[in-house]
Every structure is written in C-alpha cells, then in structure tokens.
Amino acid sequence: MRYVAAVDQGTTSSRCILFDRQGQIAGVAQREHEQIFPKPGWVEHDPETLWRNTEFVLGAVLDEAGLTATDIAAVGVTNQRETTVVWERDTGRPIHNAIVWQDTRTDRLCTELAGTQGADRYSDRTGLPLSTYFSGPKVRWILDTVPGARERAEAGELCFGTVDSWLLWKLTGQHITDVTNASRTLLMDLRTLTWDERICAEIGVPTAMLPQIRSSSEVYAEIGAGPLAGVPVAGILGDQQAAMFGQACLAPGEAKNTYGTGNFMLLNTGTTPVFSEHGLLTTVCYRLGEEPPVYALEGSIAVTGALVQWFRDNLGIISAAPEIEDLARTVEDNGGAYIVPAFSGLFAPRWRPDARGVVAGLTRFVTKAHLARAILESTAFQTREVMDAMRADAEARSLDLAATALKVDGGMVDNDLLMQFQADILDLPVVRPLVNETTALGAAYAAGLAVEYWSGTDDIRANWAADKTWTPAMPDTERESRLRDWNKAVERTYNWAD
C-alpha cells in the first residue's frame with residue numbers, strides 16, 4: 001500500500017504526516033522551531049532552521065513508519081502563508097531572517113502606501129487591505145534595510161518567496177508558488193492570477209525576484225535529494241486553504257474555522273471572487289490543475305492559540321497548553337474579566353493596527369482561573385465577530401451561507417470547554433472531524449489528486465466524517481450580555497499605538 005506525504009510548515013513547528021487512501025494518518029514526525037522577537041511587534045524565523053527541520057521530519061516519518069521513498073506516491077506542501085523569505089539565487093542563502101505574518105514592523109510603510117486612497121487602495125485587484133499582515137510590504141522592508149538588496153533584486157540575483165516557495169526551492173530547485181499563497185502577497189491580481197506589475201512597482205518589489213505562479217494541484221518537480229529523492233511534489237496550498245480542502249468544504253456556502261496560532265475562518269464562494277464590505281479578505285481557495293480557480297471569503301484573527309502560549313511562556317501560569325482547560329474549569333465563568341489579545345493589532349473584521357492587547361473588567365475577585373477562562377473565551381468571541389461579518393457579506397451578495405453547523409479543526413479543538421463556549425456564543429452547532437489534521441490532509445489531497453492517487457473530489461467528500469458535535473445551550477439573554485461586554489473591552493484597545 002502506498003501513501004501520500006504532507007509537509008506542514010507552520011508558525012511554531014514543521015511536520016510531515018503520511019496519509020492512506022481513506023485519509024487516515026499512517027505516520028507523523030514533528031519538530032518545533034524558535035520564535036525570534038528582536039523588538040516589540042517584530043516576529044522572525046530562521047529560514048535555514050525551517051528547512052533543516054523540514055528535512056529532518058521527512059526522514060523521521062519514514063523511519064517511524066518503516067517505509068522508504070518508493071512507498072510514497074507524492075508530496076504535498078502546506079505552509080504559514082504570509083511569512084516572507086528573501087534568498088540569493090546563486091547560493092540559496094537567505095539575506096535576512098524570515099519576517100513572520102504576525103510581524104508589525106511595516107505599519108508606517110503601509111500607512112505611507114495607503115496615502116490619500118486609504119487601506120483599500122489595492123483591494124479591488126488583490127482582495128486585501130494594505131496591512132502589516134501581507135508579504136509585499138515585508139519584502140519592501142527587507143530590500144530597504146539590507147545593504148545592496150534592492151540593486152541585487154532588480155538585477156535578478158535575489159528570490160522572494162513565502163515559505164512554500166522556500167521549501168520548494170530547497171527540495172526541487174524550482175522557484176514557484178501556488179495561487180493560494182500568491183493571493184496573500186498583496187501583489188497578485190485575483191482575476192488574472194498573475195503578478196500585478198503596477199502594484200509591484202508602487203509597493204517597491206521588483207518582479208525579477210518573484211516566483212512563477214502555478215495551480216494548487218499538479219506535478220511541479222521531483223525531490224532532488226534526501227530521504228524522498230525522486231518523489232514528485234504535486235500539491236501546494238496555504239495552510240488555511242489546505243484546511244478548507246481537508247475539511248471537504250468544496251461547494252459554495254461551506255465554511256470551516258481553524259484554531260491554531262491564530263484563527264482563520266473561510267467561506268467557499270465558488271468560481272467568482274466576492275469582495276467583502278464587512279472587513280473580510282477575498283482570497284483564492286484552491287485551483288486544481290487547469291480547472292477554474294475557486295475563491296473564498298476569509299476572516300483572519302491574529303492571536304488565539306498564541307494567547308495560550310503567552311499565558312504559558314510569558315506569564316508562567318501553566319506549564320503546558322492543555323492545562324488551561326483544567327484551570328478554567330475550576331470556575332464557572334470569567335469573573336467579569338475579558339482579554340483582547342491585540343498583540344499585532346486587530347485583524348478581521350476590525351482591521352485596527354493601532355490596537356494593543358488589554359485585560360478589562362479586573363476586580364480583586366478575579367483569579368488566574370478566571371483569566372484562563374477569559375483567554376479561551378476571547379477565541380470564541382473573535383470567531384463570532386468573523387461569522388457575523390460573513391453572514392452580512394453573504395446576505396448582501398445573496399449567497400447561501402449553508403452554515404447549519406461550523407466545521408472546526410486545529411490544535412485548540414481538543415479543548416471541550418472552548419468548543420462548547422464556541423457553540424454557545426455562535427448559537428450554532430460546532431463539528432470536529434474524525435481526522436483533525438485537516439491542514440496536512442488538504443495538502444495531501446492536492447498532491448494525491450495530481451498523481452491520481454485519489455480519483456477526484458468525491459473521494460475527499462467520502463473520506464470526511466464527524467467525530468464530535470457541540471450544540472449551543474446558552475440562553476439568548478446571557479449571550480447578548482456577554483457580547484456587549486466583549487465589544488466594550490475591544491473598544492478599549494483602540495488608539496494605543498501611534
């Protein structure tokens with residue numbers, strides 16, 4: 001029996017997961033990497049470490065499963081999307097640390113680029129507001145900061161890529177990306193699926209350093225060396241689009257929410273891009289070979305699981321992330337405390353780069369257990385805001401949201417307390433799939449379809465199965481009261497950063 005391997009290079013770790021034809025996991029290897037914080041608001045990764053860890057997990061998963069490269073039909077790659085790498089074309093050496101999607105160092109640059117036209121200057125072409133979140137301004141910062149970088153980039157001596165491109169370069173020597181990752185750069189036209197030369201010139205990114213844009217599912221090249229030498233890389237999807245694919249949200253109106261370092265809710269809108277009027281992003285959901293691209297509306301939340309990490313690492317109140325649920329269960333509510341984790345400003349649907357995190361409603365009554373509960377609840381409240389924006393956009397465009405339940409995945413969905421509160425605050429059932437590793441699974445599906453390991457998307461739908469469902473039980477009056485208090489807390493984060 002052969003398998004498909006998925007490389008999942010995320011914000012906190014690199015993993016390789018093997019899947020069989022039923023979409024079941026046959027092997028996992030994982031290695032975490034350092035989060036580098038040079039200054040407040042700055043977040044970096046070492047690109048060489050990302051590559052070494054990826055190379056390690058490729059070999060480790062084969063060793064664990066007792067397999068060799070001949071047992072692997074194809075490899076799919078999924079990645080943290082907007083994180084930006086610039087490297088030398090000749091040597092493959094990065095010229096700067098990777099600037100992570102959470103990084104806010106380009107805030108002044110984004111304001112400058114917005115000018116009198118505002119943050120939506122490029123949204124009609126890219127589906128994105130000018131924000132520190134996206135790759136284009138990060139590339140500009142590197143070119144403006146590293147001596148000689150701009151001249152070298154214009155001469156074609158430097159390559160830019162999101163992490164998928166960096167890994168594909170190291171695996172195959174090819175400088176490529178897929179439509180989903182390209183759609184997160186602020187540099188690609190959503191309708192033509194090509195780099196917009198005018199936007200590139202205005203932001204200050206030479207087109208000579210950009211990768212070739214390909215579909216999400218096709219054979220790109222074979223791996224040149226290492227434990228999987230000779231195996232084709234045949235799928236690339238940004239992590240949230242991969243989770244959408246792995247959740248079998250393949251029809252317009254279907255939605256999923258991933259709970260990771262941040263939270264990301266996507267709504268499939270079909271083969272026509274829908275531009276939001278309520279603070280959501282328009283993005284490419286996937287493109288299978290030569291088929292028309294499928295688009296999505298996305299609500300991106302910067303800090304959810306990262307808030308639990310902050311509680312563990314910065315405050316030292318818990319020693320492991322799962323402990324937060326046990327601590328939160330020792331109290332019945334949040335004690336009136338609300339935590340708004342605007343560490344990188346607020347993303348969708350508010351888009352307030354001037355916001356910074358607050359703890360509101362503190363009294364002497366509040367304990368660390370109440371704070372633990374407030375941390376979990378903040379994830380649910382932020383998700384409710386995104387769902388409300390999606391409903392408003394869907395109604396305005398006469399789209400059938402089809403959200404009779406919300407499909408969820410990611411590391412935090414093992415937290416029963418959070419999932420129940422999420423169902424309560426959404427007033428909607430929340431459904432966890434049997435295979436929770438949907439991000440890696442989506443990348444595996446994209447690769448497997450390209451080599452006919454799976455015959456079509458009907459196989460993906462057939463493989464999906466529910467594991468657990470949480471149904472809402474909160475009275476309407478309590479829900480409305482909690483939402484009012486949450487909104488008051490959020491408004492207190494505004495106008496903090498200049």
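In the predicted model, S378 is buried, with a relative accessible area of 1%, where buried means under 20% relative accessible area, exposed over 50% and partly exposed in between, for a 1.4 Å probe and protein chains only. The model is a predicted one, in which local features need pLDDT of at least 70 and side-chain atom pairs count only at pLDDT 80 or more, while totals for chains, interfaces and linings use all residues. Residues are numbered from 1 along each chain as its sequence is written, and side-chain values use heavy atoms, with hydrogens and water left out.

S378 lies in helix 12; helices (H or I, at least four residues) and strands (E, at least two) are DSSP runs, numbered from the N terminus. When residues up to four places away in sequence are not counted, S378 touches L307, I339, P341 and W486, contact being defined as heavy atoms within 4.5 Å. A nonpolar core is here a set of buried Ala, Val, Leu, Ile, Met, Phe, Trp, Tyr and Cys residues joined through side-chain atoms within 4.5 Å. The largest such core holds 139 residues, of which M209 and F245 touch the most other members. Apart from this core lies another, of 34 residues, among them L18, V75, V85 and I236. With neighbours within four places in sequence left aside, M209 is in contact with V86, R89, V139, L143, A153, L158, C159, F160 and H175.

Burial was also examined in helix 6 (residues 163-172), which is mostly covered, since 9 of its 10 residues are buried. Among the buried residues of helix 6 are D164, S165 and T172, together with W166 and W169. Just after helix 6, G173 takes a positive phi of about 80 degrees. In the segment after helix 16 is found T493, which at 1% relative accessibility counts as buried. Residues up to four places away in sequence again not counted, T493 touches V340, L346, D354, A355, R356 and V358.

Grid points are joined across faces, edges and corners, and a volume is the space filled by probe spheres set on the points. By this rule the count comes to 3 cavities of 30 Å³ or more, and about 100 Å³ of space lies in the largest cavity. Its lining is made of 15 residues, of which I301, L346, F347, A348 and Q382 lie nearest the centre, and helix 12 and helix 16 (476-491) each supply at least two residues of this lining. The second largest cavity has a volume of about 80 Å³; of the 13 residues that line this second cavity, V435, L441, N463, W464 and A465 are the closest to its centre. Helix 14 (residues 438-450) gives the most to that lining, with 3 residues.

The second largest pocket has a volume of about 600 Å³, and of its 31 lining residues the closest to its centre are A119, P129, L130, S131 and W351. Helix 2 gives the most to the lining of this pocket, with 5 residues.

Key: 1 Å grid on protein atoms, 1.4 Å probe; cavity = no way out; pocket = protein on both sides within 12 Å on 5 of 7 lines; lining within 4 Å.
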